[in-house]
Amino acid sequence: MISKKNSKVVPIVLDGKEVEVPEGINLVDAAALHGKEIPHYCYHPQLSVAGNCRMCLIEMGTPMRNRETGEAILDDDGSPKIGWVPKPVIGCATNVSPGMHVKTESEKVLGCREGIMEFLLVNHPLDCPICDQAGECRLQEFATDYGRGYSRFVERKNVKPKRTRLGPRVTLDDERCILCSRCIRFCQEVPKDDVLGFVDRGSFSTLTCFPGRELDNNYSLNTVDLCPVGALTSSDFRFKMRVWFLKDADSICPESSAGCNTTVSSREGELYRITPRRNDLVNDSWMPDSGRELYKSVKSDDRILSSHIEQNPCTTDEAMVEAIRLLKGKNIGIVGSCKSSLEEQFLVNQISKKTKAKNYIRGHFAEDDGILLSADRTPNLRGALVSGFTQKYPKDNLLSLSQSLGKKQVDALLVIDEDLDAAQVDAANLDGVPIVFIGTQANTTSNRASVVLPSLTSFEKSGTFVNRSFYAQFFRQAVPGPAGILPDLSLLSRLLNGLTEDEEIIPDQNSVWKLMNSVRGSVLKGISLTDVKKEAVLLDSSKWSDLPFVEAKALHFEPIQKVEA
Amino acid sequence: MELWNSLELWQIVAIKVIFALMMIGAVMTMAGYSVLAERKVSAWMQGRVGPNRTVLPFIEHIPVIGPFLKGLGVFQPLADGLKFLFKEEIVPGHVNKLYYYLAPIIALVPALTTMTVLPFGEFFTEAGDRIPLMLADLEVGILFILAVSSLGVYGIVLAGWSSNSKYPFLGGIRSSAQMISYELAMGLSLLPIFLWVSKPGIDVAALSLVEIVHSQDQSMWLVFVQPLSALIFMIALFAETNRLPFDMPESETDLVGGFHTEYGSFKFGIFFVAEYAHIVIGSAIFTTIFLGGWHFLPWMADPWPSTWIGSILGVVWFLTKTIGLIFFFIWVRWTLPRFRYDQVMSLGWTKLLPLALANLLFYVILVTWLDQPAS
Amino acid sequence: MAKTVVLERKPLSLSERTYLPQIATGLKTTFSNMFKKNVTLQYPEERPVIPQNYRGVPTLVKDPNNREKCVSCQLCEFVCPPKAIRITPGEVPEGEADREHVEKAPKEFEINMLRCIYCGYCQEVCPEEAIFLQQEYSSSGYSREEMINNKEKLYELGGVVPDKHYKWDKKKKAEQEGNSH
């Protein structure tokens, strides 16, 4: 976000009112800071300026000065005379300068907008009833706000291809395209994958991929979000649901430690799409395509939907009693998860402390794309550090657990959403060790477990993730979980209450945060749940500066420079 | 009288029993069809059609007549009766069982009892005697009718009380108050009639209904002689039969169903029939006293011969008049709104009673003046 | 300002106070009513005359080319006050000869007649003139499921109505006559 805080401010006169705006920003942003909307299509604050839609035309002028003396020329009434630029200028490509005068609501400006809208709508198919953008379409909004309200165009409209496949996830409707080139600039500037361009001229102009290429990079769906009209559509979301039915919830992408801010849209408990939410500290307005498909895990076939004892379905209460019976008095090994929220990891750690259990945790690592898909493919590895669940940086295996099991130092396991076989735990060592599994998806460990307790995905609960830059970010529940499944916090607090004789912990965010804040030396001291709910909070990461974090330099992220000893 | 004398006692009893059964059949049938008439007439007056669906399977297929009878709803009373018979018998838990069951019987019995003294025609012997057709030729017939018909209120009061529920109770209270109020006016309105009919010298048959009918033979009907008496009697009759505008005990708009709110199935059916039996008998009495009974028209000799044909035509003529009156009852019901309870009381005590007294006084003076021997 | 006028009530005359003339008038009125024409309709045999702008059961219609007009924009679903309408949108596959240029059509379209209040908003909001409240008024069934009209039933009830626009044909013509790119 452009805030008034940074750098110098310059005074300008906006619609006759003197205001102060940061130096160097353009007029669209400057007007937005003072609540004046300058409509625009091609301009995007996080992309370069193209200036081809002409929607942001405004009137601009500067006080006139005598060329020789440099003195201000005054009007008859003594006020400085303004030299208005005879033709309107585009707001997006005009930066503010001291003393500049701007008119955003003059008759001329309104006339310009009306004219531009009319031209844009000349060949627009007006198929709003079937357009996925309808309801969040800039063309619709500005046509109602600034358009003339009726069409003078009596000729036949152009007929263009309506479902061109641009890539595996993006479909183009040529008729709707207003040639703003946002998608082209995005591909050049963010994923640096230059595949889109315009071909042909005039009304024949068409967006297309370069010959032999297709829009298949992992950020292609951002072009759909960028598109101010319904030209670029998501093949997945296409014709699925109208946007006015969707209920949005602010969430955090659980795909990787980048912690992209997202909006999760649902209708009647059914998830339909995930779109990025602007956060200039973390992800600008982008997110990877792979993260947008995670909502499908909620309804996937391997989802665990009821509690099991020895693979037989049972009630949660029965499973809980059995789990407590199996774990009580044993040398417990707890396998935590970097996918759990900060609150959950804290509660797991409480269990561990009270039962003198050993903690194990595995990191999930893969290639870093240097943008928003980091090498650490879990959302909350740093949460495990912050909550105190582990002091060491997790490895991509659980060999240490395998060894402890071999030496019989551990004779019962509490596994949170982890696949032990995949983590190279020797299956032979697991024989005869009772396992209590808490997780959302079935895997070899849940198949082996004595007690399985189902839990909720990050779309069905709320909590906090700590991203790669140590920003603590809150995610909110988007849909209710399947019937009968308790949130992880409740499961963990019931386990804790069953395994220890201490007073009960109320399983809600507030009370867990109070406990977390009271831990001595915690970096969460002085930070309340309310702060985190409001915006991303940067935590003090100096404690862990010598850990071997795997993330590479990426968008809004600098790896911690290791101090050579 | 010779006729009776020639018969054995058992024969007399047998004939009387047969007559009684015939009359019960006739009155009950008329009551049943009064219900149909009520529904049909109200429908016509309100621009509706009324019951026109019920039909017996074989009659349905008779051309013209079948659909006509069906349209008239002739078989509706059958269906209604059957429905009452086969409905589930529900007795609310809070009622006084004995009186609860007794009430409908007590309501029906007086209605049927009054008909024993009701003459509805005459039989001509070969000797030329005219024997009235009636079950018991009581010389105090009218007194008997007044006495017994007012017993009917006991059924209503008992029903209201034994139901042990507020609306029936209110209905019962209102009913008894109303009966007492209008009984007086009714009795007083009849006295001038008998004063008028009883000529000096024939003191024997002073209160006989037969004599009243005879007195109207080939002379003026009493309704024209004493219109005020007829009016008061008619109003009191409406009140006594609980007909609108005097249906205080039932008044379904403010008391749900009044005294029979807690009654269902056949018990309710009996109340229903009793109400219409009262109307039938009431109409018959009015016909007898004021409309010349079975005699044809005022001042005219009966056009029928003095044989058995004449007897039958006389009875039919009597029934026609009665049915006309029943229609009048129905007609009034669907025309006038219900009185308020206090209006019923004030009309009974402050209007009708003084009026009836004045009427009586007037005729006493008049008759005395007319009857004084010409000296 | 309206002025309050107090009307003097004339005292009732003697005949009026007996109410008898009034009762007689009332009796006359009811009696004359007996000979007027019945207003009752003998329903199953006689059917009422349905006016032109009657709002009966909502139905889906086809255009004279027998193409479904609904494009499942779900505006009716959105506007429906009792939430009686439920649409599952679907894509029309490319290359269907009789549905050229049509991209979207309902996969399933359900109207719950137990919920429907016959307000006609769906007809009013429909941008494709595909849903009409027609003359059918008697809708009955033995179960709740039966009372949910599915797409097939809705088209059966709706039939074909004249079309003013022939949207798809116009588009085809434009394409053929050189406006295609």
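1. A word on terms: helices (H or I, at least four residues) and strands (E, at least two) are DSSP runs numbered from the N terminus, and two strands pair if DSSP finds at least two bridges between them.

2. Before going on, please keep in mind that this is a predicted model, in which local features need pLDDT of at least 70, side-chain atom pairs count only at pLDDT 80 or more, and totals for chains, interfaces and linings use all residues. Residues are numbered from 1 along each chain as its sequence is written, while chains are lettered from A and ligands numbered from 1 in the order in which they are written.

3. Back to the sheet. Strand β3 (residues 104–112) of chain C is joined to β5(C) by two bridges in the antiparallel sense, and Asn112(C) faces Ile148(C) of β5(C).

4. Now for chain C as a whole. Six helices and five strands make up its secondary structure, and their order along the sequence is α-α-β-α-β-β-α-β-β-α-α. Chain C has a radius of gyration of 28 Å, well over the 16 Å from the globule rule for 181 residues, so it is more spread out than a compact globule. The radius is taken over C-alpha atoms, and the rule is 2.2 Å times the number of residues to the power 0.38. The C-alpha trace of chain C spans about 95 × 50 × 30 Å along its principal axes.

5. Finally, have a look at chain A. Is strand β20 (residues 435–439) of chain A largely enclosed or left open? Five of its five residues are buried, so β20 is largely enclosed by the rest of the structure. Buried means 20 or more other C-beta atoms within 10 Å of a residue's own, with C-beta atoms placed from the backbone. Strand β19 (residues 412–416) of chain A pairs with β20(A) in the parallel sense over four bridges, and Leu414(A) has Val436(A) as its bridge partner.

Methods
A residue is buried if 20 or more other C-beta atoms lie within 10 Å of its own, exposed if 12 or fewer, and partly exposed in between; C-beta atoms are placed from the backbone.
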